[in-house]
Amino acid sequence: MEGAVGAWAWWLGLLFGAIPLLCLTVWHSTDAWYCAAFALKHGGRGSNGIRRRLPPGHMGVPFLGETLSLLWYFKLARRPDDFIGAKKAAYGNGAGMYRTHLFGSPSIIACSPAANKFVLQSAESFGIRWPVPELVGITSVVNVEGSSHARLRGFILAAINRPSSLQTIATVVQPRVVAALRTWADKGTIVAATEIKKVTFANICKMFISMEPSPLTAKIDLWFGDLLHGLRAYPFDFPGTASHRARKSRRKLDTIFREELEARKKVNKQCDDLMGGLMQMKDEQGKKLSNEEVVDNIVSLVIAGYESTTIATMWAVYHLAKSPVILAKLREENIAMSKSKGGSTSTSLMITHTDIPKMKYTAKVVEETIRMANIAPMVHRVANRDVDYRGYTIPKGWAVLVWLRSLHTDPNYYEDPLSFNPNRWDVSRLSKIVACFNFLSYLVI
Ligand code: HEM
């Protein structure tokens, strides 16, 4: 009898004592670890005389941090805004920054207009750091800094935003989109996401590397799919993981683009596409980009330009299908613009880059689509040094996630934020963060 009571007491002790204690220890251990390391290194007072401390938050469980919680809100619960909402509820709005641990890095999330502006405008304190830089390309525009970055960025902006480039893009993109729209109309029912992806990829292949759809471009598309998965996955590189598959696909893309590059060099072929432009680029000393630089930049540009425009177009189709009044107004403006050209052939009726600034309602539909689509829900930075902000310290080397999404869906900045209302852009309320982001969607939509 005594033995049985003893066994019960042991099990009850385990259930109500040791297990909760263990869970509590596990739950707080990462936080305790980082806070202790911070206190040891930064224990003193900052230049303003105030004791240094980390922004509020929680670093999650050992090893995984808060990655599972993020995935839960984004993928399973499908309430992405509640990831930040839960932090605001737990720690208050504070300085608009929270500490966390995501995808293998101690991180700070900036999620108020002031905090985001502070990070984005302090280029010397916060460098750009995309997750897994080697997947995008070490020498690509998104990973290099200083004069190399300025030179590549200048070239890319010119390649896509210069009037002559926009003219070329409009000429390449429109016939393909018109042809796709006709096929979709004939089919009656389509899976918009799949069809839009196909036509966008065909346009990207044509403009970037002068490739027409083929079994090879279908493979390239699959490899880019793997690459994008790998960029968002935990950076474990062993067989079976998304990261491992992404690295393999990156190597295959490397081979294909290098072969194309070398074939062009062999016969001195000049192509009027993005790869051709990158091959001709020279620095101040007249030195051209290396093969690796050309390939890295083509890969990073496809990553930046492909999924973004596909998703933007897909959401535009979704919202327009659900908003017949808005669609009618959009059609009216586009048809009027086409008719005003007075031509009779489908080419002469096409909208050109000079028409775009006149299409005010179309521009508002694009802005609203991009706000609601939240294609880039966050942008990635890294603290180059210890940075003090409103009584908190962002430690050197920590990742900084500028959470754009939470601004786009905050009722303080957008009335009824989850409704699709292009007219809200009659008064521009938030400044645009990048200039590049909507040029293609103007044309594709
Ligand atoms: C709807 C479409 C698009 C959206 C929403 C979008 C969004 C963004 C955002 C938020 C950034 C800033 C990232 C950061 O600061 O870390 C960015 C950077 C960039 N985007 Fe886009 N983008 C779009 C389309 C494109 C296209 C079509 C291209 C090129 C073909 C492109 C090329 C780039 C490049 C090269 C950068 C890096 C610029 C730099 O490091 O200075 N984007 N984009």
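## A helix pair to start with

α8 and α12 cross in a right-handed way. (Right-handed goes with the near helix being turned clockwise from the far one, left-handed with it being turned anticlockwise by less than a right angle.) The two helices pack at about 145°, and their axes lie 9 Å apart. Here axes are lines fitted to C-alpha atoms, for helices over the stretch in contact, and angles run from 0 to 180 degrees between N-to-C directions. Helices themselves are DSSP runs of H or I with at least four residues, strands are runs of E with at least two, and both are numbered from the N terminus.

On the α8 side, the contact includes A192, I196, F201 and I209. On the α12 side, L301, Y306, M314 and V317 are among the residues involved. Contact is meant in a simple sense: two residues touch if their C-beta atoms, placed from the backbone, lie within 7 Å. Sort the residues of this α8 and α12 contact and you get 13 nonpolar, five polar and one charged. In that sorting, Ala, Val, Leu, Ile, Met, Phe, Trp, Tyr, Cys and Pro are nonpolar, Asp, Glu, Lys and Arg are charged, and the others, Gly among them, are polar.

## What kind of model this is

This is a predicted model, where local features need pLDDT of at least 70 and side-chain atom pairs count only at pLDDT 80 or more, while totals for chains, interfaces and linings use all residues. Residue numbers start from 1 along each chain as its sequence is written.

The protein chain has 16 helices and seven strands. Its C-alpha trace spans about 95 × 55 × 55 Å along the principal axes. Of the 445 residues, 29% are buried. A residue is called buried if 20 or more other C-beta atoms lie within 10 Å of its own, exposed if 12 or fewer do, and partly exposed in between, with C-beta atoms placed from the backbone. Take the contacts in the chain with a separation of 6 or more: 67% of them are between residues 24 or more positions apart.

## The five-stranded sheet

Five strands make an open sheet in the order β1-β2-β7-β4-β3, and the pairing is mixed. Strands pair here if DSSP finds at least two bridges between them. At the edges sit β1 (97–102) and β3 (126–128), each of which pairs on one side only. On average, neighbouring strands in this sheet are turned by 35° against each other, ignoring direction. Helix α4 (residues 113–120) packs on the sheet and touches β1, β2, β3, β4 and β7, with its direction at about 130° to that of β7.

β1 and β2 are antiparallel, with six bridges, and L102 stands opposite S105 in β2. These two strands form a hairpin with two residues between them, and F103 in the turn has a positive phi of about 45°. β2 is largely enclosed by the rest of the structure, because five of its six residues are buried.

Next, β2 pairs with β7 in the parallel sense over four bridges, with I108 standing opposite V400 in β7. On the β4 side, five bridges join antiparallel β4 and β7, and there R381 stands opposite V400. Finally, β3 and β4 run antiparallel with three bridges. In β4, G127 has V382 as its bridge partner, and F126 has A383.

Two non-glycine residues have a positive phi. S210 comes in at about 50° and sits in the loop between α8 (192–209) and α9 (215–232). S210 is partly exposed, because it has 16 other C-beta atoms within 10 Å. N374 comes in at about 45°, in the loop between α14 (360–373) and β4 (378–383). N374 also counts as partly exposed, because it has 18 C-beta neighbours inside 10 Å.D283 lies in the loop between α11 (274–280) and α12 (291–322). With 11 other C-beta atoms within 10 Å, D283 is exposed. D283 and A115 are 36 Å apart in space, C-alpha to C-alpha, and 168 residues apart in sequence.

Just after α7, G188 takes a positive phi of about 85°.
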